[in-house]
Amino acid sequence: TGTLSIDYQTGREIYCSLMPIYTPDSISTFGAYTNTFSVTSNGTLNSVVTINLEINKNEFPDNYIGYALYNKDETRIDGGYLNGETTTTLVEDVVIKSGETATYTLQIWLEEIGENQTDYMKKYITGKINVDAIQEKE
């Protein structure tokens with residue numbers, strides 16, 4: 001059987017406002033909006049997982065909101081900019097073996113662009129993390 005459990009340790013919903021202006025160089029940098037979640041394959045089958053970030057409200061201009069996704073080893077596995085109100089694929093077709101857990105940390109920040117961005121610190125971005133999976137056939 002295929003059973004998947006998701007532990008949104010800081011919630012599935014994303015709400016970012018009053019973000020600091022900077023570009024983090026690693027997961028250990030404090031100040032970015034941070035959301036950690038784990039995906040566990042509890043059944044007897046391996047799961048093939050795709051994780052998307054669905055943005056439903058974005059008050060920022062393009063290339064102002066940066067993001068990075070890290071795995072449990074704190075290795076950056078995806079990153080870029082969240083432009084507009086779209087869905088961004090964070091990981092695709094990742095196999096989580098039966099009985100194993102994959103943990104991810106998503107960081108979102110207001111990118112430093114070398115201009116006065118104080119007014120943008122009052123804006124916000126909202127969305128949610130979606131995890132979809134299919135089970136591998138034995």
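Modeller: Two strands are said to pair if DSSP finds at least two bridges between them. The model before us is a predicted one.

Biologist: What makes strand 2 and strand 9 a pair, and in which sense do they run?

Modeller: Strand 2 and strand 9 are joined by 5 bridges, and the criterion asks for at least two, so the two strands count as paired. Their sense is antiparallel. Within this pairing, I14 stands opposite G127 of strand 9.

Biologist: In what order do the 4 strands of the open sheet follow one another?

Modeller: The order is 2-9-4-7, with antiparallel pairing.

Biologist: Why do strand 2 and strand 7 stand at the edges?

Modeller: Strand 2 (13-17) and strand 7 each have a single partner strand, so one side of each is left without a neighbour in the sheet. From one strand to the next, the twist averages 20°.

Biologist: Why is V131 called buried?

Modeller: The relative accessible area of V131 is 13%. V131 belongs to strand 9, which spans residues 124-135.

Biologist: Which residues does V131 touch, not counting those up to four places away in sequence?

Modeller: V131 touches L4, I6, Y8, V39, V49, T50 and I51.

Biologist: What makes strand 8 mostly covered?

Modeller: Strand 8 (residues 101-110) has 10 residues, of which 8 are buried.

Biologist: How do you know that strand 3 and strand 8 pair?

Modeller: There are 8 bridges between strand 3 (residues 33-41) and strand 8, in the antiparallel sense. At least two are required, so this is a pairing. Here F37 stands opposite Y104 of strand 8.

Biologist: How many bridges are there between strand 5 and strand 8?

Modeller: Strand 5 (residues 65-71) pairs with strand 8 over 7 bridges, in the antiparallel sense. Y70 stands opposite T105 in strand 8.

Definitions and conventions: Residues numbered from 1 in each chain as written. Predicted model: local features only at pLDDT ≥ 70, side-chain atom pairs only at ≥ 80, totals over all residues. Heavy atoms only, no water. Buried < 20%, exposed > 50% of the residue type's maximum accessible area, 1.4 Å probe, protein only. Contact = heavy atoms within 4.5 Å. Axes fitted to C-alpha atoms, helices over the stretch in contact; angles between N-to-C directions.
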